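Subject: A structure for you to look through

Dear colleague,

I am passing on a structure that I would like you to read through with the notes below beside it. Please keep the sequence and the picture open while you go.

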Amino acid sequence: MINAAPTSALRRRSRGRAAALVLVCWALLSPSWLRAQDNVATRAQDNVATRAQDNVATRAQDNVAMRAHDGVATRAHDDVATRALRLQFARGLTLEIAGRWADALDRFEAVARRRPTANVTFHIGLCHERLGRLRKAERTYQDARAAARTTTPAVLAEIDARLQDLEGRMPKIVLNVAGATEGVTVLLDGEEAPPSRAIRVDPGPHVAVALRHGIPVAASAFSSHERRTRFVTLTVHPVPSRGSGP
């Protein structure tokens, strides 16, 4: 015969566990518990969003700070470069006053490679003028004048005065060709030159050559001087015929 006491005890424990499980499930599924879980999830999401926004704001502030730093560094670099160029220009002026025109020209051209202002260009032209390169000086003054119109109008009067002075000082050469001129071209210092017209040149030595079919048939070496016009005649002899004797 089977003892009923243990079986009854087992049944009571099973019923107790089932009842406890029902209570737990009811508690988990109750509205208050669900609201509590929703609050926990909401707070977690809020924390994540807040941290994300804080990270974005931090990165934005970092970017602003970096740009500000870069701007300060750029301005500092520009200030250093500007001071160096001003010092270079001042040295050029000192050399110019001392009459060391070639050395001053080197300084001014170095500045112009970075800051080709009208004033710097004017002093480059002045150096060329003092070195006897009147044509180069004239072209440089004209460049300075074009720049000064929009940037430094106060320099215009001085530039115009130098150009007017050069106009009267520039030597001129008139080349004439005599003799057998058919098929002849004339070169002045290696460049083709129109005959019988006044050509503006720098003072100093020059060479004129008459060519026929690329072969020199007449030449003349001479010098030009400021405020003077030099007339040069190239006489071209006729080509001897093949049938003529020696």
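Among contacts in the protein between residues at least 6 apart in sequence, where contact means heavy atoms within 4.5 Å, 51% join residues that are at least 24 apart. Please bear in mind that this is a predicted model, in which local features need pLDDT of at least 70 and side-chain atom pairs count only at pLDDT 80 or more, while totals for chains, interfaces and linings use all residues. Residues are numbered from 1 along each chain as its sequence is written, and side-chain values use heavy atoms, with hydrogens and water left out.

The secondary structure comes to six helices and seven strands, where helices (H or I, at least four residues) and strands (E, at least two) are DSSP runs numbered from the N terminus. Read along the sequence, they follow the pattern α-α-α-α-α-α-β-β-β-β-β-β-β. Of the 246 residues, 26% count as buried, which is to say under 20% relative accessible area, with exposed meaning over 50% and partly exposed in between (1.4 Å probe, protein chains only). The protein exposes about 16900 Å², of which carbon and sulfur atoms supply 57%; such areas come from the Shrake-Rupley method with a 1.4 Å probe, and for residues only the protein chains shown count as cover.

Next, the interior. A nonpolar core is a set of buried Ala, Val, Leu, Ile, Met, Phe, Trp, Tyr and Cys residues joined through side-chain atoms within 4.5 Å. The largest one has 26 residues, of which F108, V120, I124, C127, Y141 and I159 touch the most other members. The elements that give two or more residues to this core are α2, α3, α4, α5 and α6. Apart from it lies another core, of 15 residues, which includes V184, A193, I199 and V232. Returning to I124, and leaving aside its neighbours within four places in sequence, you will find this residue in contact with L105, F108, E109, A112 and T140.

How many aromatic pairs does the structure hold? There are two, if rings of Phe, Tyr and Trp (its six-membered ring) pair when their centres lie within 6.5 Å, with planes under 30 degrees apart counted as stacked, over 60 as edge-to-face and the rest as tilted. The rings of F89 and F108 have centres 5.4 Å apart and planes at 50°, so this pair is tilted. It links distant parts of the chain, since F89 belongs to helix α2 (residues 31–97) and F108 to helix α3 (residues 101–112), 19 residues apart. F89 counts as buried at 16% relative accessibility, and F108 is buried with a relative accessible area of 0%. The rings of F122 and Y141, with centres 5.6 Å apart and planes at 35°, are likewise described as tilted. Here F122 in helix α4 (residues 118–130) and Y141 in helix α5 (residues 134–148) are 19 residues apart, and both are buried.

Turning to charged side chains, a salt bridge is a side-chain nitrogen of Lys or Arg within 4 Å of a carboxyl oxygen of Asp or Glu, and by this rule the count comes to eleven. R200 forms one with E138, the closest N and O atoms being 2.3 Å apart. Because R200 lies in strand β4 (residues 198–200) and E138 in helix α5, the pair ties together parts that are 62 residues apart in sequence. R200 is partly exposed, at 26%, whereas E138 is buried, at 13%. R200 also meets E167 in a salt bridge (3.0 Å, N to O), and this pair joins strand β4 to helix α6 across 33 residues; E167 is partly exposed, with a relative accessible area of 42%.

A further salt bridge joins R169 and D165 at 3.3 Å, N to O. Being four residues apart in helix α6 (residues 156–169), they are separated by about one helical turn. Both belong to a network of salt bridges that links E129, R130, R162, D165, R169, E226 and R227.

Last, the strands. Strand β5 (residues 204–212) and strand β6 (residues 215–224) pair in the antiparallel sense over nine bridges, where pairing requires that DSSP finds at least two bridges between two strands. The bridge partner of P205 in β6 is S223. The two strands form a hairpin with two residues between them, and H213 in the turn has a positive phi of about 55°.

With best wishes
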